[in-house]
Amino acid sequence: MTLPTLRVAIVGAGPAGIYAGNILNNAVRERGSEVAIDLFESLPAPYGLIRYGVAPDHPRIKGIVNSLHEMLDAGIIRLIGNVTVGRDISLDELHAHYDAVILATGAIRDADLDIPGIDLPGSYGAADFVAWYDGHPDVPRTWPLDATDIAVIGNGNVALDVARVLAKHPEDLRSTDVPANVYAGLEGSPVTDVHVFGRRGPAEVKFTPIELRELGEVPDVDIVVSDEDFAGVDAAAAANNQIKVMLRTLQSWRTREVGSASRRLHLHFFHTPVEVFGEGRVEGMRFERNAPVGDGSGAVVGTGTFVDYPVQAVYRAVGYYGSPVPGAPFDERRGVIPNDGGRVLDADGTPVPGLYATGWIKRGPVGLIGHTKGDAMETIANLIEDRDSLPAPTVAEADALLELLDDRGIHYTTWDGWLALDAHERALGETDAFVRERVKVVPRDEQVGISRDGALVGS
């Protein structure tokens with residue numbers, strides 16, 4: 001007996017959502033059945049974190065877009081952009097139109113850093129800054145870049161990205177897709193010193209070797225490390241080869257000549273943030289010096305010694321925190337949707353029929369982009385296993401939801417619309433004085449207008 005077409009909505013058109021759609025399509029068709037997949041995105045354009053979370057000077061990572069493009073361009077997954085679930089359409093309404101809903105909304109907010117003074121003017125979340133320099137349409141077009149000395153809190157790749165963009169001379173970004181308003185803002189920055197602080201030692205960093213190496217290749221920026229942060233650190237005893245490589249890089253910077261560059265990027269280890277202080281705005285930051293516990297775990301203990309740094313801006317890059325999806329369960333403590341293998345669980349720990357999660361909103365903001373494939377495979381396997389018990393949609397027509405959006409005046413965008421916007425941005429890049437791959441269109445209304453006009457012309 002031929003099964004009816006499985007209809008699935010995926011919320012979030014970043015890598016997690018696109019991978020889930022592609023894996024779902026392959027899994028269902030391998031079983032001789034048909035599937036219809038609609039991919040909902042709150043932004044007018046797809047790709048999520050790749051478009052709005054990767055630094056503009058990282059084209060290698062942005063190359064992942066090529067494979068995501070192929071998956072969407074196959075025409076099997078239908079993109080419906082500029083639609084926010086919980087505002088333009090409810091989760092209950094999605095359930096009425098689809099057999100199953102997969103939430104792949106990621107984690108886009110900054111995790112909190114609960115210390116005194118963290119809310120002073122001049123203190124920012126790294127996620128907001130990343131969204132600004134990546135041209136996210138829902139953040140202000142300007143950013144207050146008025147500090148000469150800046151603290152970045154965190155020892156992961158996001159912290160390095162933020163520090164590198166802050167320290168880098170804007171002309172070294174001209175060949176990237178950095179928006180014009182971002183270039184103008186960075187051009188006016190008076191920054192001379194950017195300090196990156198980590199709570200643990202150099203053998204416990206969460207960077208990747210490529211990110212760290214790139215840091216040392218920024219023109220006219222000296223890398224400064226402190227000898228006292230390396231006391232007792234043995235590269236040969238590092239936990240893995242990746243850490244060994246990074247320790248060798250860090251050790252090499254200890255003997256590197258500094259003093260000729262106009263800007264400096266300082267890497268500090270064994271520093272726990274204690275307080276941000278200032279009269280009316282950020283004027284400095286206090287840290288407690290740590291020391292290794294000495295049991296080989298990488299754990300540290302406070303020494304009771306405190307040190308102050310005179311900075312005028314603080315960026316916290318201590319992790320991301322998921323955003324709730326209205327109508328779906330949410331774990332406030334962990335910032336994720338509670339689930340068992342991707343099956344969303346209610347307050348009693350019972351699976352919610354037809355509701356699934358994948359990506360960072362499923363497991364928290366850890367791991368690289370490629371790890372979302374494993375997430376999606378687990379979630380899709382469980383969805384397929386549940387197929388016979390999924391609640392049937394009450395609205396059968398494939399285009400009924402689009403008609404509902406039209407009735408509500410929601411100007412949704414499509415894959416054809418993205419192709420039009422993509423071509424427009426690439427054309428802007430070709431005519432730019434520096435001839436670059438693209439120049440991003442930032443305002444949401446312009447993105448939507450170009451997408452919808454282009455889709456109509458191409459239809």
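Student: Is Asn82 buried or exposed?
Tutor: Asn82 is buried, with a relative accessible area of 11%. Buried means under 20% relative accessible area, exposed means over 50%, and partly exposed lies in between (1.4 Å probe, protein chains only). This is a predicted model, in which local features need pLDDT of at least 70 and side-chain atom pairs count only at pLDDT 80 or more, while totals for chains, interfaces and linings use all residues. Residues are numbered from 1 along each chain as its sequence is written, and side-chain values use heavy atoms, with hydrogens and water left out.

Student: Where is Asn82 found?
Tutor: Asn82 is in the loop between S3 and helix H5 (91-97). Helices (H or I, at least four residues) and strands (E, at least two) are DSSP runs, numbered from the N terminus. The phi of Asn82 is near 60°, a positive value in a residue other than glycine.

Student: And what is the phi of Asp220?
Tutor: Asp220 has a positive phi of about 60°, although it is not a glycine. Asp220 sits in the loop between helix H9 (209-215) and S9, and is partly exposed, with a relative accessible area of 35%.

Student: How many residues of S9 are buried?
Tutor: Four of the five residues of S9 are buried, so S9 is largely enclosed by the rest of the structure. S9 is joined to strand S10 (residues 263-268) by five bridges, and the two run parallel. Two strands pair if DSSP finds at least two bridges between them. Within this pair, Asp222 has Arg264 in S10 as its bridge partner.

Student: What holds paired strands together in general?
Tutor: Strands of a sheet pair through backbone hydrogen bonds, either parallel or antiparallel.

Student: Then how do S11 and S12 run, parallel or antiparallel?
Tutor: Strand S11 (residues 271-277) and S12 run antiparallel, joined by six bridges. Val276 has Met285 in S12 as its bridge partner. S11 and S12 form a hairpin with six residues between them, and Gly278 in the turn has a positive phi of about 160°.

Student: Which strand do seven bridges join to S12?
Tutor: That is strand S13 (residues 300-309), which runs antiparallel to S12. There, Glu288 has Phe306 in S13 as its bridge partner. Val293 lies in the loop between S12 and S13 and is partly exposed, at 45% relative accessibility.

Student: What is the order of strands in the open sheet of seven?
Tutor: The order is S3-S2-S1-S4-S18-S17-S16, with mixed pairing. Strand S3 (77-80) and strand S16 (339-340) are the edge strands, as each pairs on one side only. Strand S2 (residues 35-40) and S3 pair in the parallel sense over four bridges, and Asp38 stands opposite Arg78 in S3.

Student: Changing topic: how many salt bridges does the structure hold?
Tutor: The structure holds 27 salt bridges. A salt bridge is a side-chain nitrogen of Lys or Arg within 4 Å of a carboxyl oxygen of Asp or Glu. One of them joins the side chains of Asp229 and Arg289 (3.0 Å, N to O). Asp229 lies in the loop between strand S9 (221-225) and helix H10 (241-254) and Arg289 in strand S12 (residues 284-292), so the pair ties together parts that are 60 residues apart in sequence.

Student: Are those two buried or exposed?
Tutor: Asp229 counts as buried at 1% relative accessibility, and Arg289 is buried with a relative accessible area of 13%.

Student: Which salt bridge does Asp422 make?
Tutor: The side chains of Asp422 and Arg438 meet in a salt bridge (2.5 Å, N to O). This pair links distant parts of the chain, with Asp422 in helix H14 (residues 415-431) and Arg438 in the loop between H14 and helix H15 (444-458), 16 residues apart. Both Asp422 and Arg438 are buried. They belong to a network of salt bridges that links Arg51, Asp422, Glu425, Arg426, Glu437 and Arg438.

Student: What about Arg363 and Asp375?
Tutor: Their side chains also meet in a salt bridge (2.2 Å, N to O). Arg363 is in helix H11 (residues 360-363) and Asp375 in helix H12 (residues 371-385), twelve residues apart. Arg363 is partly exposed, with a relative accessible area of 22%, whereas Asp375 counts as buried at 8%.
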